[in-house]
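Here is a short briefing on a structure with its parts grouped by topic. Keep the coordinates open while reading.

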Amino acid sequence: MTTHHLRTPLSDDVIKTLHVGDEVVLSGTIYMARDAAHKRLVDLLNAGKPLPVDLRGETVFYGGPGPTKPGHAIGVVAPTSAYRMDPYATVLFDHGVKAAIGKGDRGDAIRASCLANCAVSFSAIGGISATLFSCITDATVVAYEDLKTEAIQKLEIRDFPLLVTNDAHGRDLYEEEVTKYRKLLSRGEVAS
Amino acid sequence: MSITVDIEGKTFMRTLPVTAITDCVARLCIEACHQLPEDVVQGFHDAAATEVSPLGKSVLMKLIDNDRIARDNGVSYCHDTGLTIVYVEVGQDVHLTGGDYQQAVHAGVRKGYAEGYMRKSVVGDPLLRVNTNDNTPAVIHTEIVPGSEVHITVLPKGGGSENWSTMKFLLPGEGVEGVKKFVLDAIVAAGGSACPPLTVGVGLGGSFDKVTDIAKKAILRDIGQHHPDAHIAKLETELLEAINKTGIGPQGYGGSSTALWVAVETYACHITALPVAVNIQCHASRRKSAVI
């Protein structure tokens, strides 16, 4: 397994070196946005209006944190299910977003969109919020404060642990690995 | 909290102020969200020992680490601290005083979620979708039982797994094979999005409402604890084996630990029906109980 230590923003040249199953330890600036913010962003793009944050070239993290406990930069947070963002994510990849961070398998539209746009979809382990929030060193609300936990926040992250699950070469880790293990387990070639 | 003898001197009545319920619910909310039950953490260890996928094994080890980090920092294991389900068994010899019982439970949720820095994940109206900002209202299930104690269980239920839960009325003739197919289809549909390794609660029988109620109660059962009826225990074992051959694995990254446990609860049902419900619980299988 290959491990890449990377900083944002992610260039096309870097994204092309990433393959499903690679681990990425990511540092730098990312933007946190989930369901409600995605709806607003895509409504603006469809209306031909500018976004409140320039997301071209950026990485979007599908998260909604808990309240910030004193002494910490942000509340606990881990990715939410990525499939719910699929209809919006393809529009954002077309707009120039280069990477997404979510959890769980996504639809074929994302595989095609990552291939077409030289973009990548990462997974972080869902629910390990106590682990992941300690990798966030700074957080600032930059748009849609009224959405509370769903507001868009600019995050500074250090050594955020990710897995490449949709790469820019048209591959999907979930489909490949689940199919592989279903076959192995059903044939009894591996014993659980 | 006092115990009083009634006028005839034959029965006892225990008086309990509802503030005791508020305080207990608040404490249980925080403890449930900040610390996984021991049987669940042990379930991660046991699954890691048998997991066939290296990536799946590494996920399980990170879940164990995450529980430790949450405990060490006094923060929630998972940011989605859920819609709060509260089960209360009130002894029939208890007299609750000093306020509205239901409001006392909601007040406990409000207090716990504020003091524990837990996320407020509840919108007041399903279509207007404005956050209530205090995680109320809770979903409260109250039963009157013999005795003079109050038993409270808090189940903070995350959305990512709850959203994949489902129910159906099978034809009675579809029998146990129909049940198995329905449960497996639900698990495969959920895939990695429901945050496996899962605990799967299955309800069989009852009415439209009862079957989902018992499916949810099933996920309260400790991992490793089978149903007392032999044929249902056998079904639990067969379902667990089948689910763990789907290949989904921890987080859907592929592997053999898709579920830690399957618990089936049953109830009598109508001659025309075989209702089945599947309540899916993610790896953050949080539950905490206390007795007042």
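In this predicted model, helix H2 (residues 38–50) of chain B packs on helix H3 (residues 54–73) of chain B at an angle of about 155°. Their axes are 9 Å apart. The angle is over 145°, so H2(B) runs roughly antiparallel to H3(B).

**The H2–H3 pair in chain B**

- H2(B) passes H3(B) in a left-handed crossing.
- The H2(B) side of the contact consists of B:Val41, B:Phe44, B:His45, B:Ala47 and B:Ala48.
- These residues meet B:Lys57, B:Leu60, B:Met61, B:Leu63, B:Ile64 and B:Asp67 in H3(B).
- By class, the residues of this contact are eight nonpolar, one polar and two charged.

**B:Val40, a residue of H2(B)**

- Helix H2 of chain B also holds B:Val40.
- Is B:Val40 buried or exposed? B:Val40 has 24 other C-beta atoms within 10 Å, and the cut-off for buried is 20 or more, so B:Val40 is buried.
- Leaving out residues up to four places away in sequence, B:Val40 touches B:Ile223 and B:Ser285.
- B:Val40 and B:Ser207 lie 167 residues apart along the chain. Their C-alpha atoms are separated by 30 Å.

**Chain B as a whole**

- Chain B contains eight helices and 11 strands.
- The radius of gyration of chain B is 20 Å. The globule rule gives 19 Å for 292 residues, so chain B is as compact as a globular protein of that length.
- The C-alpha trace of chain B spans about 65 × 50 × 40 Å along its principal axes.
- Of the 292 residues in chain B, 47% are buried.
- Take the contacts in chain B with a separation of 6 or more: 80% of them are between residues 24 or more positions apart.

**Cis peptide bonds in chain B**

- B:Thr136 and B:Pro137 are joined by a cis peptide bond, with omega about 0°.
- B:Pro137 sits in the loop between helix H4 (101–115) and strand S5 (139–145) of chain B.
- Another cis peptide bond joins B:Pro196 and B:Pro197, with omega about 15°.
- B:Pro197 sits in the loop between helix H6 (175–190) and strand S8 (198–205) of chain B.

- B:Tyr117 has a positive phi, near 55°, and is not a glycine.
- B:Tyr117 is in the loop between H4 and S5 of chain B, the loop that holds B:Pro137.
- B:Tyr117 counts as buried because it has 21 C-beta neighbours inside 10 Å, where 20 or more are needed.
- A:Asp159 also has phi near 55°, again positive in a residue other than glycine.
- A:Asp159 lies in strand S7 (residues 152–166) of chain A.
- Which class does A:Asp159 fall in, buried or exposed? With 10 C-beta neighbours inside 10 Å, and a cut-off for exposed of 12 or fewer, A:Asp159 counts as exposed.

**Chain A as a whole**

- Chain A has six helices and seven strands.
- Along the sequence, the elements of chain A follow β-α-β-α-β-α-β-α-β-α-β-β-α.
- For 192 residues, a compact globule would have a radius of gyration near 16 Å. Chain A has 17 Å, which agrees.
- Taken along the principal axes, the C-alpha atoms of chain A fill a box of roughly 55 × 40 × 30 Å.
- Buried residues account for 48% of the 192 residues in chain A.
- Consider the contacts in chain A between residues at least 6 apart in sequence: 61% join residues at least 24 apart.

**Where chain A meets chain B**

- How many residues of chain A are in contact with chain B? There are 37 of them, and they contact 41 residues of chain B.
- Helix H5 (129–132) and helix H6 (173–186) of chain A each supply at least two residues of the side that touches chain B.
- H6(A) gives the largest share of that side, 10 residues.
- The side of chain A that touches chain B divides into 15 nonpolar, 15 polar and seven charged residues.

Technical notes:
Residues are numbered from 1 along each chain as its sequence is written. Chains are lettered from A and ligands numbered from 1 in the order in which they are written. This is a predicted model: local features need pLDDT of at least 70, side-chain atom pairs count only at pLDDT 80 or more; totals for chains, interfaces and linings use all residues. Axes are lines fitted to C-alpha atoms, for helices over the stretch in contact, and angles run from 0 to 180 degrees between N-to-C directions. Helices (H or I, at least four residues) and strands (E, at least two) are DSSP runs, numbered from the N terminus. Angles under 35 degrees count as roughly parallel, over 145 as roughly antiparallel, 65 to 115 as roughly perpendicular and the rest as oblique. A crossing is left-handed if the near helix is turned anticlockwise from the far one by less than a right angle, and right-handed if clockwise. Two residues are in contact if their C-beta atoms, placed from the backbone, lie within 7 Å. Ala, Val, Leu, Ile, Met, Phe, Trp, Tyr, Cys and Pro count as nonpolar, Asp, Glu, Lys and Arg as charged, and the others, Gly among them, as polar. The radius of gyration is taken over C-alpha atoms; the globule rule is 2.2 Å times the number of residues to the power 0.38.
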